[in-house]
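Please examine the sequence and the three-dimensional model shown below.

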Amino acid sequence: MAAIIIDGKEIAAKKKVEIAEEVQKLKELGVTPGLAVILVGNNHASRTYVTNKEKTCRDLGMHSVLIELSEEATQEELLTKIEDLNEDPAIHGILVQLPLPKHIDETKVIESISPLKDVDGFHPINIGRMMTGQDAFLPCTPFGIMVLLEETGISIAGKHVVVVGRSNIVGKPVGQLFLNQHATVTYCHSRTKDLQFHTSQADIIVAAVGIANFIKADHVKEGAVVIDVGINRNEAGKLCGDVAFDEVSEKAGYLTPVPKGVGPMTITMLMYNTLKSAKNTLRF
């Protein structure tokens, strides 16, 4: 069988239309959703992500602010900028682009962002609320994965999900989101013995290990749903995921490509969270 390819770019485009309509309604009520992004240093990949976020904000009619700090900026300088944004009523979402220079404590920075403006969904309060099934800003990539499955009509309740990878950004939270939707979840990682044993039993596999073409056809059960979160370069320098696409596509039931799979959903859900934050201000 040949897998049905889940087109993340198409689903993201649909969601952006819905978000833009909601943004316009809010603007008519006098509220323009505002996103502030802080970029420390000049990491090329980070700058590309930030540029894409700025463009998406503009396309959706949102207010966008970019704050750039030098590689040598102190932690105190960064925390002061975040505090200013916490107090700014025109800003509804704050994102500090990761990774940060080594002399800055990433945990302290994340915890300094107001949970009410933590549209990345990384603050411990939002993570805790997510863990307990309460309303929260959800981490954007895991959130995007869940929306991809929902839009594709793939049911989750009762399914066995195997998450390969245990990062705080993707692996851990996406497993919790599946659990919240009544899936049975297995986490696998670098110390898991006999990885193939676990993945070959999965109805849904989420590959988030950061190793090019790591998940092969023999890791996958016939007809399984395979979500590829990886963004890597293969030996030829070509962009690829954590899943060996050509061979797995002959065995899986559904498969996300790289690019145009999970990636487009991440920025889309960031915009969704910023919109949600702006709407929350009308409740007070």
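Predicted model: local features only at pLDDT ≥ 70, side-chain atom pairs only at ≥ 80, totals over all residues.

Residues are numbered from 1 along each chain as its sequence is written, and side-chain values use heavy atoms, with hydrogens and water left out.

The chain contains 10 helices and 11 strands; helices (H or I, at least four residues) and strands (E, at least two) are DSSP runs, numbered from the N terminus. Its radius of gyration is 19 Å, close to the 19 Å that the globule rule gives for 284 residues, so the chain is as compact as a globular protein of that length. The radius is taken over C-alpha atoms, and the rule is 2.2 Å times the number of residues to the power 0.38. Along the principal axes, the C-alpha atoms fill a box of roughly 50 × 40 × 35 Å. Of the 284 residues, 49% count as buried, where buried means under 20% relative accessible area, exposed over 50%, and partly exposed in between (1.4 Å probe, protein chains only). Among contacts between residues at least 6 apart in sequence, 71% join residues at least 24 apart; a contact means heavy atoms within 4.5 Å.

Two packed helices are described by the angle between their axes and the distance between the axes. The axes of helix H6 (residues 140-152) and helix H7 (residues 171-180) come within 8 Å and cross at roughly 40 degrees, which means that H6 is oblique to H7. Axes are lines fitted to C-alpha atoms, for helices over the stretch in contact, and angles run from 0 to 180 degrees between N-to-C directions. Angles under 35 degrees count as roughly parallel, over 145 as roughly antiparallel, 65 to 115 as roughly perpendicular and the rest as oblique. On the H6 side the contact is made by Pro142, Phe143, Ile145, Met146 and Leu149, and on the H7 side by Pro173, Val174, Leu177 and Phe178. By class, this contact of H6 with H7 has 9 nonpolar, no polar and no charged residues. Here Ala, Val, Leu, Ile, Met, Phe, Trp, Tyr, Cys and Pro count as nonpolar, Asp, Glu, Lys and Arg as charged, and the others, Gly among them, as polar.

Within helix H6, Met146 has 7% relative accessibility and therefore counts as buried. Leaving aside residues up to four places away in sequence, Met146 touches Ile156, Val174, Leu177, Phe178 and Gln181.

Helix H6 also meets helix H1 (residues 8-28): their axes come within 10 Å and cross at roughly 90 degrees, so H1 and H6 are roughly perpendicular to each other. Gly8, Ile11, Lys14 and Lys15 in H1 meet Val147, Leu148, Glu151 and Thr152 in H6. The residues of this contact divide into 3 nonpolar, 2 polar and 3 charged.

A cis peptide bond, with omega about 5 degrees, joins Leu98 and Pro99, and Pro99 lies in the loop between strand S4 (93-96) and helix H4 (106-112). The peptide bond from Val258 to Pro259 is also cis, with omega near 0 degrees. Pro259 belongs to the loop between strand S11 (254-255) and helix H10 (263-280). Lys260 is found in the loop between S11 and H10 and has a positive phi near 75 degrees; with a relative accessible area of 48%, Lys260 is partly exposed. His182, in the loop between H7 and strand S6 (184-188), has a positive phi of about 75 degrees although it is not a glycine, and at 60% relative accessibility His182 counts as exposed.
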